[in-house]
Amino acid sequence: MPQFESHFFSSLIFWEVVSFAMLLFLLYKFAFPGILAVLEEREKKIKDSLDQAERHRSEAERKLKDYEAKLNAASKEAEGILAAAKERAQRLLEENEQRLTAEAERIKGDATREIDHERRKAIQEIRTQTTDMALMVAEKVVQRSLNDADHRRLADEALDALAKSSVK
Amino acid sequence: MEDSPLHPFELHNFLSIHLGGLDISLNKAVIMMWVVVGLVTILMIKAGSARQLIPGKLQSLGEILVDFIRGIILDTMGKDGMRFFPLIATLFLFILFCNLIGLIPGSYTVTSQIVVTAVFACVVYGMSVVMGFVLHGAKFLGILVPPGTPGWLLPLMVPIELISQLARPISLAVRLFANMTAGHVILGVLFGLAVSGGLLIGWLPFAFTIAMNGLEVGIAFIQAYIFTVLTCVYLGDAFHLHGSEDHAH
Amino acid sequence: MPPSQDPFYAGLGQAVRIGTELLAALIVGGGIGWVVDTYLLATGPWGMVSGLILGSVAGVRNAYRSAQRWPKS
């Protein structure tokens with residue numbers, strides 16, 4: 001094999017070492033720092049934006065939870081208000097009803113009493129008038145003078161008899 | 001193309017230079033090394049000077065290569081390994097471009113010379129051994145004793161481990177050399193067939209030549225990759241002895 | 001995903017490595033045995049024979065080790 005011809009070895013080894021050293025120097029000095037810096041910068045940027053996205057996401061989640069809690073609280077409050085309003089309305093209604101009933105009762109009572117009173121008054125009046133009239137009639141018819149007390153006693157007797165028979 | 005399939009590996013000095021007693025004559029392989037150095041330097045410096053956040057084509061290529069090597073180092077050696085980045089990256093790029101340039105008809109594959117691959121292998125392996133002794137002192141000899149070996153097995157295990165250690169640079173050198181040589185021999189034979197076969201059936205080996213060339217690009221890449229990975233593995237072994245500091249003897 | 005973690009490359013790399021791993025250990029084992037035989041002890045063919053045996057064991061060990069590394073790299 002031609003690769004084992006040893007008289008090329010020294011030149012190959014020499015130039016290999018020289019070229020490799022030169023390439024290492026050139027790349028180390030001029031190429032690698034730039035490329036590695038760009039790669040690292042890009043990696044950092046990607047990592048940063050991922051971190052930021054994560055932060056935003058968790059913040060949004062937190063906000064959503066917040067809003068949900070608030071919404072829940074608000075709806076509970078609304079329910080409470082509604083219940084209270086209903087209760088109050090119910091109470092008012094009942095109160096009103098009671099008041100009206102009582103009023104009606106009172107009016108009815110008043111009216112009954114008044115009617116009773118009027119009736120009594122009327123009966124009394126009728127009694128008086130009837131007595132007077134009877135006296136006058138009797139005076140005229142009998143033409144006899146009785147004293148006043150006799151008249152009254154007689155009339156009352158007559159009226160009692162009348163009242164008894166009218167009650168029957 | 002009627003010559004031996006090994007013909008393309010022959011070298012001829014066209015400028016004889018002697019430095020002291022050392023023969024450093026120029027030949028095709030040496031010129032190819034220079035070409036590789038020039039090409040890689042221009043490519044990587046141009047790629048490195050763009051520094052755009054959204055890279056152009058050339059910058060992308062440079063960054064892919066650098067990121068690739070960085071990935072290998074981080075996988076095999078961890079963050080500590082990044083101090084070797086310039087050396088390992090240069091090694092990878094040098095070997096990769098030597099392999100690739102050799103595929104151009106009429107050029108020369110530097111890595112098909114066993115001395116070239118042997119020098120790389122010895123430098124890499126020598127470095128890992130030196131580093132192991134510098135970091136761990138005499139304890140580094142423990143690399144010859146696999147953890148958990150019973151005492152009576154030591155006379156057997158130590159020679160086996162010694163051989164497997166010494167086999168490392170040899171497998172490194174032989175693998176690259178053999179793959180680069182074999183691939184080019186096949187390519188050369190097929191191409192020779194295509195030329196001598198003429199128009200009638202010549203297209204068949206020619207089609208094979210093209211297919212093989214595609215395969216060879218893959219092999220050129222894989223071999224550079226393997227060389228780099230093993231370099232990292234060996235350096236990593238010297239770095240973290242038996243994977244941890246507190247191994248049992 | 002950086003290409004170095006691509007299972008395709010890792011797998012292909014492993015496959016191509018193992019053959020040479022066996023061969024190299026065999027070369028080293030045989031070589032050490034031969035040196036011992038010819039220059040050091042003059043032990044006939046036995047140095048080389050045991051060298052080759054040890055070499056093949058070491059080769060299998062190396063191949064096994066590189067296969068073990070599979071899930072990691």
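The model shown is predicted, so local features need a pLDDT of at least 70 and side-chain atom pairs count only at pLDDT 80 or more, whereas totals for chains, interfaces and linings use all residues. Residues are numbered from 1 along each chain as its sequence is written, and chains are lettered from A and ligands numbered from 1 in the order in which they are written.

View 1. The contact, in which paired residues have C-beta atoms, placed from the backbone, within 7 Å, involves Met32(B), Val35(B), Val36(B), Leu39(B) and Val40(B) on helix 1 of chain B, and Leu93(B), Phe94(B), Phe97(B), Cys98(B) and Ile101(B) on helix 3 of chain B. By class, the contact holds 10 nonpolar, no polar and no charged residues, where Ala, Val, Leu, Ile, Met, Phe, Trp, Tyr, Cys and Pro count as nonpolar, Asp, Glu, Lys and Arg as charged, and the others, Gly among them, as polar.

**View 2. Helix 1 and helix 2 of chain B are roughly perpendicular.** Here the axes come within 8 Å and cross at roughly 105 degrees, and helix 1 of chain B and helix 2 of chain B are therefore roughly perpendicular to each other. Helix 1 of chain B contributes Leu43(B), Met44(B), Lys46(B), Ala47(B), Gly48(B) and Ala50(B), while helix 2 of chain B contributes Leu58(B), Gln59(B), Leu61(B), Gly62(B) and Glu63(B). This contact of helix 1 with helix 2 of chain B comprises 6 nonpolar, 3 polar and 2 charged residues.

**View 3. Chain B meets chain A.** In this contact, 39 residues come from chain B and 30 residues from chain A. On the side of chain B that touches chain A, two or more residues are given by each of strand 2 (22–23), helix 1 (28–50), helix 2 (57–77), helix 3 and helix 4 (114–136) of chain B, helices being DSSP runs of H or I with at least four residues and strands runs of E with at least two, numbered from the N terminus. Helix 1 of chain B gives the most, with 12 residues, and this side of chain B divides into 24 nonpolar, 10 polar and 5 charged residues.

**View 4. Chain C meets chain B.** The contact draws 26 residues from chain C and 20 residues from chain B. On the side of chain C that touches chain B, helix 1 (7–41) and helix 2 (46–68) of chain C each supply at least two residues, with helix 1 of chain C giving the most, at 14 residues.

**View 5. Confidence along chain B.** Where pLDDT is low, the predicted coordinates should not be read in detail.

Conventions
pLDDT is the predictor's confidence in each residue, from 0 to 100. Two residues are in contact if their C-beta atoms, placed from the backbone, lie within 7 Å. Axes are lines fitted to C-alpha atoms, for helices over the stretch in contact, and angles run from 0 to 180 degrees between N-to-C directions. Angles under 35 degrees count as roughly parallel, over 145 as roughly antiparallel, 65 to 115 as roughly perpendicular and the rest as oblique.
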